[in-house]
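Student: I would like to learn how to read a few features of a protein model. Can we go through one together?

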Amino acid sequence: GTVKVVEWLERQQIKIDYCLVGEPSSNEVMGDTIKNGRRGSLNGKLVVRGKQGHVAYPHLASNPIHLVMPALAELTAIVWDQGNEYFPATTFQVSNIHGGTGAENVIPGEVTIDFNFRYCTEVTDEHLKRRVESLLKSYNLDFDLNWRLSGLPFLTPEGRLVEAVRGAIEAELGIKTNLSTSGGTSDGRFIAPTGAEVVELGPLNATIHQINECVKVEDIEHLSRIYSRTLEGLLS
């Protein structure tokens, strides 16, 4: 939905100056953290082919799971960068591995591996793609690799919006807030490319994506007043 709204605004030549996203950003207490940026997210689907056969006759087959394991071990051990003052270091995680027919005595003919990079501004998605593909080729694997970029990294430097949100939190809750770029992606990634200042402020993320995910009613009430104070600060 956000993408369609941004496209409509662009067609109407309407410029967004500030965007406050209600993602659950708080960690320990309401308002202790606001997100002024997010890491990029790059997904890969790797299919490695071998030769199917019987487990009792491995010399007549080629197990793609065995073939790809050294490459995966190397990928998981790489330090991709050190991060910077705004972002934590880039991470590589395997999320799914699928291989085999379900039979206990059959060597699979191929294995599919899903993985994800959460990357900072020290690298680009193209750099990560080239490095992964080069490494896989060095192992002489028979593979296909498809990429999907689900979000570019973005950062809103300290400015009017950050200061307005900070001031509103302190006025409402009496606490200082921290800036962070940790966590997953958000709809802010669609709005930041328009040039708008983007900040995320929402309730606690303690139960995010869990069964019985919940927030306190009083936190919603605090948020409502913080949003109002933020608008007042920006428009004053």
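Student: In which strand does Asn116 lie?

Tutor: This is a predicted model. Asn116 belongs to strand S8, which covers residues 110-119.

Student: Is Asn116 buried or exposed?

Tutor: The cut-off for buried is under 20% relative accessible area. Asn116 has 14% relative accessibility, so Asn116 counts as buried.

Student: With which side chains does the side chain of Asn116 make a polar contact?

Tutor: One is the side chain of Ser41, at 3.1 Å. Another is the side chain of Arg118, where the polar contact is also 3.1 Å. If neighbours within four places in sequence are left aside, the residues in contact with Asn116 are Ser41, Leu42, Asn43, Thr91, Phe92 and Gln93.

Student: How is the chain divided into domains?

Tutor: The domain assignment gives domain 1 as 12-38 + 154-235, and domain 2 as 40-151. The contact takes 8 residues from domain 1 and 8 residues from domain 2. Between the C-alpha centres of the two domains the distance is 35 Å.

Student: How much space lies in the largest pocket, and which residues line it?

Tutor: Rolling a probe the size of a water molecule over the atoms shows where empty space is left. Here the largest pocket holds about 240 Å³ of space. Its lining includes Glu23, Lys35, Arg38, Ser182, Thr185 and His209.

Student: What is the lining of the largest pocket by class?

Tutor: The lining has 7 polar, 3 charged and 2 nonpolar residues. Pro24 and Ile208 are among the lining residues, as are Gly183 and Gly184.

Terms used. Residues numbered from 1 in each chain as written. Predicted model: local features only at pLDDT ≥ 70, side-chain atom pairs only at ≥ 80, totals over all residues. Heavy atoms only, no water. 1 Å grid on protein atoms, 1.4 Å probe; cavity = no way out; pocket = protein on both sides within 12 Å on 5 of 7 lines; lining within 4 Å. Points joined across faces, edges and corners; volume = space filled by probe spheres on them. Nonpolar A, V, L, I, M, F, W, Y, C, P; charged D, E, K, R; others polar. Helix = DSSP H or I, 4+ residues; strand = E, 2+ residues; numbered from the N terminus. Buried < 20%, exposed > 50% of the residue type's maximum accessible area, 1.4 Å probe, protein only. Polar contact = N/O pair within 3.5 Å; in protein donor to acceptor, adjacent residues only side chain to side chain. Contact = heavy atoms within 4.5 Å. Domains from an automatic or database assignment.
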